[in-house]
Structures are given as C-alpha cells and as structure tokens.
Amino acid sequence: MGTRTVLCVDEPEGVEEMAEAIRGEDGLEPTTATTVAEAGDRIESEAVDCVVTEYDLTDGTGLDVVGHLRRDDPHTPVVLFTGVSPSEIDTASFEEMIVEYLNRDLPDAPDRLGFIVDDVISHSAQVGFLVPDSEGSRLEALAEYDVDELPIEESFSRLTDLIADRFDVAVSFIGLIEKDVENVLACTGSDWDSITREDTICTHSMLQEDVMVVEDINEDKRFANNDALQNLGIVSYAGANMTNKDGEVIGQVCVIDHERREYSQAERESLQQYAATAMEILELRQSLRNARGVEVEA
C-alpha cells in the first residue's frame, strides 16, 4: 500500500502537533491547513485519505471543514481531535459527519492519533462506496436478468472487440454492477472477471447521466490513491451507463487506457451508443428466454 495523505487542520500552534503524530505512523503523510478556508482549498485541490481537525478554528469549526469534504466525498474518514467535549458540539452533526473522536487532552492522545487514523482509513477502504438513491430497486431490476443462463458471452465479446478497436484503447469491458462487485461479462485486452465495488470507477460513473471521463486518475482525488486501480494499470477511463427501460442503471460499458487520454464529445456519444447496444442485446436475450422458456442459441 502506498503513502496515504492526512489533512491536519488546526491553528498554527496546534497543527504541528497533529502533523508530528501522523508522521510517526508508517505509511501516513500529513499535509496541513490552519483555517476552514484553507482546508476547503486543500480538499478541492488535493487527494486526501483522512482529515484530522480541531473543533475550534479562527474562521469556523471542524464541522465546517467536514462540510467542505462531504459536498463531494461522503466516505473519506474524519477524526475530530479536540479538547472540546462532545456535549458542547452539535450531536446530530457529530453522529452523521465524524467517524472518530479523540480528546486531545488525554495524556497519550498524540501517541494514539496515528493508530486511530490508520485504522479508520483501512476501515473506510473496506466498506465505503457510493450508491444511488434507488439502489434497492436497481438491484431488483438487475436480478430480473438470468445472466448466467443467457448466451451473451460471444455477443458481448464481439462488442468489446469492436469498442477496443474503435477507440484504440488497451482495455474495453462490459460489466454489471451488483451489490458488492462489478461482474465483468466480457473484456477485451485483459482477463478481468470481477472488481470490488469500492475499487471500481464505475461505482462513480453509474451516478452520472452522461458518459464519465477520467483523463488521468493520478490527477483525480477520488482515485489517485486507489491501489487496486494502480495495480490494474489504469490511467484513463471512460464509462457509459447501461440503463433499462425503467431508468435503472444496471451496468457499464467502459474503455481503459494505460496512459492519459481525452475523449471528444463525438467519442462520448459513440460510447453511449455502444452501451445502449449492450443493453439491447441483454434485453433481447432475456425476452427470448422468457418467451420460449428455454435457453436460446447464441
């Protein structure tokens, strides 16, 4: 696992204590801010794996810092490192926004801080990923397709071959996004069969109506520190939704490259058309199976 960046937020006299505690834990590297405004700028411009913040700041509170973070990122963990008692903090916000609380006035608090940060980062990486508001109905829609019984592998493989050639990319794949994993049904350029949902970019892409493009994951704070993506050699990504007739997104058609890559509007529209084609193939195979009650030939 690579170095994980921790944003430490406190007034000048206290922020170095935080940073020193973070530096003492292997694999953690601190970056600092001394105001809510500066922290907000850092969150906008840098990829951070955790935020450690004092509650009382010159231009607001630690919860204001978390508010900046939560606008685009609901899962990056936060540790409130403060001498202010939880009873003096808005407890509703505390429960929703803070992963961990550590009283910095405790004698061993600096020694414990690095361990706690490392632990909450690891826990967040294991369980945190974005889900659409309609996740329940989306999974029900996905379950209506007898994917294991449908002869779609050859059709989808031909389609990913066409996509890889059309976009001149290293990898193209078609995946269905299940509860915890993305199940890769066809893949040209690699042998992927599944990717955990917290690691796949498609977890984010499926939340967008239009084609999602990441020109370079190293420049995107959502993915820059994702070791799984780095290990797969992913640098650039584009993904288009496979959407059923009821508007539920059940999968993605994606192109991957091992170098930075831009996509024109025409290319994005073309990728969306391929996604629509993949959905049509799946719908047709399922309709034939339902009508005949038997497995159809590829």
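I take buried to mean under 20% relative accessible area, and exposed over 50%. By that cut-off, buried residues make up 51% of the 298 residues in the protein chain. The model I am reading is predicted.

**Entry 1, overall.** I counted elements and found 10 helices and 13 strands in the protein chain. I then looked up the extent of the C-alpha trace, which spans about 70 × 35 × 30 Å along its principal axes. For contacts with a separation of 6 or more, I noted that 63% join residues 24 or more positions apart.

Which residues of α6 are buried? In this helix, residues 135-143, I listed Glu 135, Arg 138, Ala 141 and Leu 142 as buried. They lie on the same side of α6, because they cover an arc of only 120 degrees around the axis. The general rule I kept in mind is that an α-helix has 3.6 residues a turn, so residues three or four places apart point the same way. I next checked what the buried residues of α6 pack against, and found β8 (171-177) and β13 (249-257). On the face turned away from the buried side I found Glu 140 and Ala 143, both exposed.

I looked up the packing of α7 (residues 153-167) with α10 (residues 265-292). The angle is about 175 degrees and the axes are 11 Å apart. An angle over 145 degrees counts as roughly antiparallel, so α7 and α10 are roughly antiparallel to each other. From α7, the residues in the contact are Ser 155, Phe 156, Leu 159, Leu 162, Ile 163, Arg 166 and Phe 167. They meet residues of α10 including Glu 267, Leu 271, Tyr 274, Ile 281 and Arg 285. I sorted the residues of this contact by type and got 10 nonpolar, three polar and three charged.

I placed Asp 168 in the loop between α7 and β8. Is Asp 168 buried or exposed? I recorded a relative accessible area of 63% for Asp 168; over 50% counts as exposed, so this residue is exposed. Leaving out residues up to four places away in sequence, I found that Asp 168 touches Asp 257 and Arg 261. I also checked the backbone of Asp 168: phi is near 55 degrees, a positive value in a residue other than glycine. For reference, most residues other than glycine have a negative phi. As a distance check I took Asp 168 against Asp 10, which gave 158 residues apart in sequence and 48 Å apart in space, C-alpha to C-alpha.

How many disulfides does a search of the whole structure find? I got zero. Cys 8 is in no disulfide, and the nearest cysteine sulfur, in Cys 50, is 8.6 Å away. Cys 8 is buried, at a relative accessible area of 0%. I then turned to Cys 254, whose sulfur is 3.3 Å from the closest cysteine sulfur, in Cys 202. A disulfide needs the two sulfur atoms within 2.5 Å, so the sulfurs of Cys 254 and Cys 202 are too far apart for a bond. Cys 254 is also buried, with a relative accessible area of 0%.

Technical notes. Residues are numbered from 1 along each chain as its sequence is written. This is a predicted model: local features need pLDDT of at least 70, side-chain atom pairs count only at pLDDT 80 or more; totals for chains, interfaces and linings use all residues. Side-chain values use heavy atoms; hydrogens and water are left out. Buried means under 20% relative accessible area, exposed over 50%, partly exposed in between (1.4 Å probe, protein chains only). Helices (H or I, at least four residues) and strands (E, at least two) are DSSP runs, numbered from the N terminus. The arc is that of the directions from the helix axis to the C-beta atoms. Contact means heavy atoms within 4.5 Å. Axes are lines fitted to C-alpha atoms, for helices over the stretch in contact, and angles run from 0 to 180 degrees between N-to-C directions. Angles under 35 degrees count as roughly parallel, over 145 as roughly antiparallel, 65 to 115 as roughly perpendicular and the rest as oblique. Ala, Val, Leu, Ile, Met, Phe, Trp, Tyr, Cys and Pro count as nonpolar, Asp, Glu, Lys and Arg as charged, and the others, Gly among them, as polar.
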